[in-house]
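Here's a quick briefing to read with the model open beside you. Have a look around first, then come back for the details.

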Amino acid sequence: QPVAVLISGRGSNMGALIAASLDKDYPARIVTVISDKPDAKGLDHAREFGINAVAVPRADFDSKAAHEAAIIAAIDASGAKFVALAGYMRLLSGDFVNTYAGRMINIHPSLLPAFAGLATHERALATGCRVHGCTVHFVTEAMDEGPIIEQEAVRVEANDTPETLAARVLEAEHRIYPKALAMLASGQVRMGRGGQTRFAD
Ligand code: GRF
């Protein structure tokens, strides 16, 4: 199944999805990578794999709607059926989200519903959490609130800093994101009409 990946930066989760998709038995193929930041490191990384990678900068458009329309055009031109957000740092409009309802997923560096939003590792440490982790979920209009597909817990160590904790959570992200995308692409999971996650028997 063809997949578009949207990034804004480093693209390590994008890299994990590309690496997984090199296996001939993997049910998804990354057909395009789109970044709102022209200097995103992930664009170069994707090109090294021979994957079409394009920048669609917000500054090139008069409005958020025009910017999103250009991204939708790029996704549709690639033939992608699914969209994977991988560190895409812009809030998507309801229209955009609805265009890909049940076909767009995101990775978030916390065990949702705890710590939606930014600075998740700092907040988990400040709260005194002993476990933290990451979540892959369907994208819905409310940020970081869509139905959950997969999670992995990571223990918080006594001497963790936001950086050391982030690094271990990132390793878990690189495990669960390819797994969740495979589940979606192979029909093992879908978003139900009521917006709940449905797993195949
Ligand atoms: C990851 O921590 C992801 O969970 C969050 O943004 C970060 C992106 O990192 N949404 P990368 O660009 O995939 O390396």
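UniProt, in an unreviewed entry, places the feature "binding site" at Lys64, Met89, Arg90, Leu91, Leu92 and Asn106; such positions follow the numbering used here, feature names are shortened, and annotations may be inferred rather than shown by experiment. Keep in mind that this is a predicted model: local features need pLDDT of at least 70, side-chain atom pairs count only at pLDDT 80 or more, and totals for chains, interfaces and linings use all residues. Residues are numbered from 1 along each chain as its sequence is written.

**Annotated positions**

- Arg90 lies in the loop between β4 and α4; helices (H or I, at least four residues) and strands (E, at least two) are DSSP runs, numbered from the N terminus.
- Arg90 is partly exposed, with 16 other C-beta atoms within 10 Å. Here buried means 20 or more other C-beta atoms within 10 Å of a residue's own, exposed means 12 or fewer, and partly exposed is in between, with C-beta atoms placed from the backbone.
- Leu92 sits in the loop between β4 and α4, and with 22 C-beta neighbours inside 10 Å it counts as buried.
- Leaving aside residues up to four places away in sequence, Leu92 touches Glu68 and Val97; a contact means that the two C-beta atoms, placed from the backbone, lie within 7 Å.
- For "active site", UniProt (unreviewed entry) lists His108. You'll find His108 in strand β5, buried with 23 other C-beta atoms within 10 Å.
- What does His108 touch, not counting residues up to four places away in sequence? Its contacts are Cys134, Thr135, His137 and Asp144.

**Around the ligand**

- Of the 14 residues around the ligand, Arg10, Ser12, Asn13, Gly87 and Pro109 come nearest; a residue is near a molecule if its C-beta atom, placed from the backbone, lies within 6 Å of it.
- The elements giving two or more residues to this shell are α1 (12-21), β5 and α6 (162-185), and α1 gives the most, with three residues.
- By class, the shell has six nonpolar, six polar and two charged residues. Ala, Val, Leu, Ile, Met, Phe, Trp, Tyr, Cys and Pro count as nonpolar, Asp, Glu, Lys and Arg as charged, and the others, Gly among them, as polar.

- Seven of the 10 residues of α1 are buried, so α1 is largely enclosed by the rest of the structure. The buried ones are Asn13, Met14, Gly15, Ala16, Leu17, Ile18 and Ser21.
- Those buried residues of α1 pack against β1, β2, α2 (41-48), β4, β5 and α6.
- Helix α3 (residues 64-78) has 15 residues and reaches 21 Å from its first C-alpha to its last, close to the 21 Å expected at 1.5 Å a residue; the expected span is 1.5 Å times one less than the number of residues.
- In α3, the buried residues are His67, Glu68, Ile71 and Ile75. Seen down the axis of α3, they fall within an arc of 95 degrees, so they line one face of the helix; the arc is that of the directions from the helix axis to the C-beta atoms.
- The buried residues of α3 pack against β1 (2-7), β2 (29-35), β4 (82-85) and α4 (94-99), while Ala65, Ala66, Ala73 and Asp76 are exposed on the other side.
- After α3 comes Gly79, with a positive phi near 80 degrees.

- Most residues other than glycine have a negative phi, and most peptide bonds are trans.
- The peptide bond from Leu112 to Pro113 is cis, with omega near 10 degrees, and Pro113 is in the loop between β5 (104-108) and α5 (120-127).
- Ala119, in the loop between β5 and α5, has a positive phi near 55 degrees without being a glycine. Ala119 is exposed, with 12 other C-beta atoms within 10 Å.
- Asp144 also isn't a glycine, yet its phi is positive at about 60 degrees. Asp144 lies in the loop between β6 (131-138) and β7 (148-155) and is partly exposed, with 18 other C-beta atoms within 10 Å.

**Across the chain**

- Ser186 is in the loop between α6 and β8 (189-191), and its C-alpha atom is separated by 5.9 Å from that of Pro27, 159 residues apart along the chain.
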